[in-house]
Number of protein chains: 2
Amino acid sequence: MKSELGSSVRVALLGCGTVGGGVLRLLRDNGSVLFPRIGAPIEVTHVLVQNLDKPRVPECKREWLTTDPDVIFNDEKVDVVLEVMGGEQPAWSYIERALEGGKAAVTANKLLIAKHGPALVARAIAKGTDLAFEASVGGGIPIIRTLREALSSDSVSSVHAILNGTSNYILTRMRDAGLSFSVALKEAQDLGYAEADPTLDVDGHDAAQKLIVMAMLAFAAQVDTTKMVVEGIRSLDEADFAFAERFGFTLKHLGIGHDRGEKVELRVHPALVRKNSVLANVDGVLNGMFVMGRALGPCLLVGRGAGDMPTAVSVVADLVDVARARIEGQPGLMTRGIQLKQRGLLPQDDVVTRYYLRFDVGDHPGVIGTIASALGAEGVSIEQMVQEGRADGEGGAVPVCIITHVSKEGAVRRAIAAIEKQPFLRGRPRLLRIEEV
Amino acid sequence: MKSELGSSVRVALLGCGTVGGGVLRLLRDNGSVLFPRIGAPIEVTHVLVQNLDKPRVPECKREWLTTDPDVIFNDEKVDVVLEVMGGEQPAWSYIERALEGGKAAVTANKLLIAKHGPALVARAIAKGTDLAFEASVGGGIPIIRTLREALSSDSVSSVHAILNGTSNYILTRMRDAGLSFSVALKEAQDLGYAEADPTLDVDGHDAAQKLIVMAMLAFAAQVDTTKMVVEGIRSLDEADFAFAERFGFTLKHLGIGHDRGEKVELRVHPALVRKNSVLANVDGVLNGMFVMGRALGPCLLVGRGAGDMPTAVSVVADLVDVARARIEGQPGLMTRGIQLKQRGLLPQDDVVTRYYLRFDVGDHPGVIGTIASALGAEGVSIEQMVQEGRADGEGGAVPVCIITHVSKEGAVRRAIAAIEKQPFLRGRPRLLRIEEV
C-alpha cells in the first residue's frame, strides 16, 4: 500500500460544487506548501459530477470529469477520495466502497458521520485505511483535529458549542436589533445565511448532528441519541431577550455534552449564558466550541462554521494528513486512534443545571405564591423572580420570570406540569436552561 | 532511523519541575490512548535533574534520574528529548546536541524558539529529525498545530493575540474592580499569577517572544525584531479605562502581526478593542489568539496560556507527533513543512491603524484648537474628541481624549511631537492603538 516516496498522491473528488471548487483552488494555489508537508505532490485524477456540461471553476480540468463512480472505485491508483457532495446517499455507499477498496476517505458530511460514523470508522480501521472528517463540524475550525490530536494526552469533561451559524445569526439580530424570530429569519434568508426551508438549522437538527460527531471524539462515545433533547429557536420572543438582558445573560443556541461516568449527557437547545462568557460574543454566523479538558482546562475555538473556502481548508488539511500517512506506508494511523465505546445517554430528567422559567399569567393575586409553592414542592429553589406589568403577552397576560438554583430537570418538569393545570396560566410555560460556561 | 513497529519510543525528560511532573503524569494516565495513536508504547528512560535528592512527583521513578546530560546524548537508543527546564542555557545546547545526534526534540521554551528557532529548525531539517514547540506559545492552546497543520492549505493575513496571562489578569482587574496597576499587580503576585519581578510579563517581553514564534509559522517569517515595538501595561491608569469604556472599548495587551507583502508588521502593546469583539471577553489569565486566514476567514483560539498541566498536554501532544513520525520511519516530516524566509519588519511609522490619544492639559482657552490643528497639519483626522472636567490629572490638569480616523503612525507621532512643545501640556501624551478585531 505504500507509495514510493516522491510519487504523487492521487485524489478523486466526489462532487464539485462550491466546496469542491474551493478544494481545487487551494490545491492549485498551495501546492508548493503542501508538498513538503506530505512528502509528495497531490495529483487530482477524477472529479465525479452529475452533469459533464455544467460550468465549473477554472481550476477544474475537463479531463478529470466523470459521471461514472466505477471509474474511480475500480482504479487502484486512486489513493484518496474527497466526498464533498453531501446528503446520505449516494455519499454513504461511495465512502463505503472507497474504504472497502483500501482508499482513504475525507468527508465534509456531518449527516453521514453522525448517522454512520462509528461503522465507517470501524470499516476504515479494519481495512487499515483512514477516514477523516474535520470539515463535517464547524467548517474551517480545527475542532476535530484539536479533539483528536491536541487533546490526545488528555480527556474531555465537557463541551458547550455554538454549532449552527444560521441560528446564531438570527439570535444575534433578535438581541441587537430587537427583531422578531420571523423577521430575523427572513433577513438571514435574504442574505443567504438560511435556506428557504430553514428547519434543519433553526430546529436544532444540524447542531445535533455536529454534537454527535464531536461526542465521538470528545468522549470516545457511540451513543443512541434517539432520545436526545433537540430544541430549536423558533419559540423565543422579545420578552425572553429582555429578561435575559435584565438578568445579565445572552441567549445562544448550544450543543452541550458532558462525560458523566458510564453515561454521556448530550443535549441541543437555546440557553442563557452570562454576558461576560467567552461564548457570549461569538455572534453572527460564527460558530464556537468551548471544550473543558481535565488537564488542559478551558479551550475555546471560534470561526466560520460554514462557507465554501473555510470548509475547503479543512478538507485539504485532512487530505494532507491522510496523504502523508499513505506516503509513509502507514495508512490508517490517524483513524486507529479513534476508539469508540457504546455508552448510554443520560436521561434528560437527570440533567442538573439552572433554569429560566417563564409563565405568562393572568394578573390575579396569589399567582406568584402558587407558582413558588409548586416549585418548592419539587425541591426546586428560586434564586430570582420578576413579574413585570408588560402588555405584550396574549390576553392581557403578564410574564412571570424565574431563575432557579441548580436543580434536576425532572423536578423542574414536574413542577411545571403542576403549574400548567392552574387556570391563571396563559399559553405554554417556557423552560430555558442556564449554562455556566 | 526507523524503529521496529511495536518497539517502544524512548524518551528523556530534561528537567522535572511542575511541567515535567505533569508530563510524567499524563504519560502514566493516558498510555492506553497514546499507544494506538503512535503505534508503539512510550518508554521514559532518563530524567535529567540538578539534584538527585529533591522530592519528585510519584510518577517519576528514581532509576530514571540522572545529573549527567552525556548519559542521555550519548545514548543512541534515546529517540526523543523533552526540554521542560526553560531558560536559554543549558537548554539551547542540549537541544542542539539532541538534534545533532538525530534525536527529535520537543520544547516548551518560548525564549529559545524566539531567539534561535529558525536555526534550530534548520538544524532539525538538515539532520532529518523533528523539533516541536507547541507548548512554547499559549500553554495548552493548540495554536502552533493550528497554524502548521489546520492552515497548511491556507495563508494567514493577520494575527491578534492576548499572549500574556499576567497582563491580561491585571487589565481585567483594573477594568472590573477599578484597581490601579500597582494594586492589581500586587493581587496577581499574591495569587501566584505574577512573579516577584514582573518585568518579563507586564513590560511585554514574554508576549513579544510568543509573537515571534507565531510569526514563524503564520507568515513563514524570520524577522529581525530588534526594532519591534514592545510596550507593556505599566503606564495605563483609571482615566484610560474610563475613556475606553465611554467609547465602547476594552483595553487588552496584544501581540499583533500582519502579512504586508515583502514586509511583516509585528508589534506588542496595549490596545483598545471593541467590547463586542470576540477578544473582549478573553479575561483573567486566559490567552486568546485571533488568526485571519485568507481562505479560512477568522479563527479564534482561547485557553489557559500557562500552568503545568495545560503546558504538559501540549508537550505530550507534540511527543505523540514526533514519536509517530519516528515509528513510521519518517522523522523530520513535521518540521520539514516549516519553510522560513528572511523578511523585513515594517517600520512602526508605516503602521496604519486608528489611535486613542490622551493629553493631560491645563484648562486654558484654545487648547483644543491647538491640538486639533497640530493633528490636522499632519493629515490626521479626528473622529471623536472629549474633554472632561476631571481633577485626577496632576497639577489641576484635565484630560483631553481623542479618537482618530485611520492614520499612519508616523504622522500621528509627528503631531504629538509638535503638541509636546506646547506649554499647556502636563505630563507625557498617551498614544494607544485601536484594533478592529
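How many residues does the contact take from chain A and from chain B? The contact takes 50 residues from chain A and 50 residues from chain B, where two residues are in contact if their C-beta atoms, placed from the backbone, lie within 7 Å. This is a predicted model, in which local features need pLDDT of at least 70 and side-chain atom pairs count only at pLDDT 80 or more, whereas totals for chains, interfaces and linings use all residues. Residues are numbered from 1 along each chain as its sequence is written, and chains are lettered from A, with ligands numbered from 1, in the order in which they are written.

Before returning to that interface, consider a single chain. Chain A has 15 helices and 19 strands; helices (H or I, at least four residues) and strands (E, at least two) are DSSP runs, numbered from the N terminus. The radius of gyration of chain A is 24 Å, close to the 22 Å that the globule rule gives for 437 residues, so chain A is as compact as a globular protein of that length; the radius is taken over C-alpha atoms, and the rule is 2.2 Å times the number of residues to the power 0.38. Along the principal axes, the C-alpha atoms of chain A fill a box of roughly 80 × 45 × 35 Å. Of the 437 residues in chain A, 55% are buried, a residue being buried if 20 or more other C-beta atoms, placed from the backbone, lie within 10 Å of its own, exposed if 12 or fewer do, and partly exposed in between. Among contacts in chain A between residues at least 6 apart in sequence, 76% join residues at least 24 apart.

Chain A is divided into domain 1 (9-139 + 308-341), domain 2 (151-305) and domain 3 (351-435), with bounds that come from an automatic or database domain assignment. The centres of domain 2 and domain 3 of chain A, taken over C-alpha atoms, are separated by 24 Å, and 14 residues of domain 2 of chain A are in contact with 14 residues of domain 3 of chain A. On the side of domain 2 that touches domain 3, the elements of chain A giving two or more residues are α11 (238-247), β10 (249-260) and β11 (263-274), and β11(A) gives the most, with seven residues. The residues of that side of domain 2 divide into nine nonpolar, two polar and three charged; here Ala, Val, Leu, Ile, Met, Phe, Trp, Tyr, Cys and Pro count as nonpolar, Asp, Glu, Lys and Arg as charged, and the others, Gly among them, as polar.

Chain A also holds an open sheet of six strands, with parallel pairing and the order β3-β2-β1-β4-β5-β6; two strands pair if DSSP finds at least two bridges between them. Its edge strands are β3 (65-66) and β6 (131-132) of chain A, each of which pairs on one side only. Within the sheet, strand β1 (residues 9-14) of chain A runs parallel to strand β2 (residues 42-48) of chain A, and six bridges join them; A:V11, for instance, has A:V44 in β2(A) as its bridge partner.

Some backbone details deserve a look. The peptide bond from A:Q89 to A:P90 is cis, with omega near 5°, and A:P90 lies in the loop between β4 (80-83) and α4 (91-100) of chain A. A:A220 has a positive phi of about 50° although it is not a glycine, and lies in the loop between α10 (205-218) and β8 (221-223) of chain A. With 17 C-beta neighbours inside 10 Å, A:A220 counts as partly exposed. Most residues other than glycine have a negative phi, and most peptide bonds are trans.

A rotation of 180° with 0.0 Å of shift along its axis superposes chain A on chain B (RMSD 0.0 Å), by least squares on the C-alpha atoms of residues with pLDDT of at least 70 in both. The two copies are thus related as by a two-fold rotation axis. Of the residues of chain A, A:L301 comes closest to the rotation axis, at 2.3 Å (C-alpha), and the same surface serves both copies, since 100% of the contact residues of chain A recur in chain B.

The contact of 50 residues from each of chain A and chain B draws on several elements: α2 (31-38), α6 (143-150), β13 (297-304), α12 (308-327) and α13 (333-336) of chain A give two or more residues to the side that touches chain B. By class, that side of chain A has 26 nonpolar, 15 polar and nine charged residues.
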